[in-house]
Amino acid sequence: MAFFLSEKYAKINSLRKGENLSMRVDLGYYIQMINQIIQDTEAVGEKMNPKFEEVKKAIEDNQLATLSSEQLSEILATFNEGTQTYKAYLSKLQGLKAPARVIGLHKKLVAAYQKYVQGCLDMIASLEGEVDVEAFNQAEQHQDEATDTIAFAIQRMTMLLMKR
């Protein structure tokens, strides 16, 4: 019985000292994963941007009718592929364990990323069949708002995590 109690107290003391590494979040891994997800998200966005600009220009120039069904199919395929990639990144974000200092910001980041993915899905829906310009513009606005929140969360997390 004495051995059991001394072992139990030893575990409690090691937790107090922060020695139980399995209970702690690996800060380096967390930062690396967030950085990778954001960089990969930007790369996917850069790949999709020419297709977005093609639609946006057609809307602004009132030339939607000039977009062929083949062009729209290609645009939708690019958007669908990118959005599926974003969904995978969202799953990675949701699976990350955040350091205690930034749990709230991590949740804000995940929520904003979800909103961003939903904006992408809404944009795809606006292009299926006949182009719904109002829905397209609203989806763009939701993406912009989500991007601003993502940038804010990343900036604050960086500040908090780099400050020791």
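This is a predicted model: local features need pLDDT of at least 70, side-chain atom pairs count only at pLDDT 80 or more; totals for chains, interfaces and linings use all residues.
**Overview of the chain.** Residues are numbered from 1 along each chain as its sequence is written, and side-chain values use heavy atoms, with hydrogens and water left out. From the N terminus on, the order of elements is α-α-α-α-α. Of the 164 residues, 34% count as buried, a term that stands for under 20% relative accessible area, with exposed meaning over 50% and partly exposed in between (1.4 Å probe, protein chains only). Among contacts between residues at least 6 apart in sequence, 78% join residues at least 24 apart, a contact being heavy atoms within 4.5 Å.

**View 1. Packing of helix α2 with helix α4**. Helix α2 (residues 27–60) and helix α4 (residues 103–127) pack at an angle of about 20°, and their axes are 14 Å apart; axes are lines fitted to C-alpha atoms, for helices over the stretch in contact, and angles run from 0 to 180 degrees between N-to-C directions. That angle makes α2 roughly parallel to α4 (under 35 degrees; over 145 is roughly antiparallel, 65 to 115 roughly perpendicular and the rest oblique). On the α2 side Y30, I34, T41, F52 and V55 take part, and they meet H106, L109, Y113, M123 and L127 of α4. By class, this contact has 8 nonpolar, 2 polar and no charged residues, with Ala, Val, Leu, Ile, Met, Phe, Trp, Tyr, Cys and Pro counted as nonpolar, Asp, Glu, Lys and Arg as charged, and the others, Gly among them, as polar.

**View 2. Aromatic pairs**. Rings of Phe, Tyr and Trp (its six-membered ring) pair if their centres lie within 6.5 Å, and planes under 30 degrees apart count as stacked, over 60 as edge-to-face and the rest as tilted; by this rule the count comes to 4 aromatic pairs. One of them, F52 with F136, is stacked, at 5.7 Å centre to centre and 15° between the planes. This pair links distant parts of the chain, with F52 in helix α2 and F136 in helix α5 (residues 133–162), 84 residues apart, and both F52 and F136 are buried. The rings of Y86 and Y116 have centres 5.2 Å apart and planes at 65°, so this pair is edge-to-face. Since Y86 lies in helix α3 (residues 69–95) and Y116 in helix α4, the pair ties together parts that are 30 residues apart in sequence. Y86 counts as buried at 0% relative accessibility, as does Y116 at 13%. Y86, Y113 and Y116 form one aromatic cluster.

View 3. K51 is buried, with a relative accessible area of 17%. Leaving aside residues up to four places away in sequence, K51 touches E74, I75, T78 and F79. The C-alpha atoms of K51 and T78 are separated by 7.6 Å, although these residues are 27 apart along the chain.

**View 4. N62 in the loop between α2 and α3**. N62 has a positive phi of about 55°, although it is not a glycine. At 70% relative accessibility, N62 counts as exposed.

Note on methods
Helices (H or I, at least four residues) and strands (E, at least two) are DSSP runs, numbered from the N terminus.
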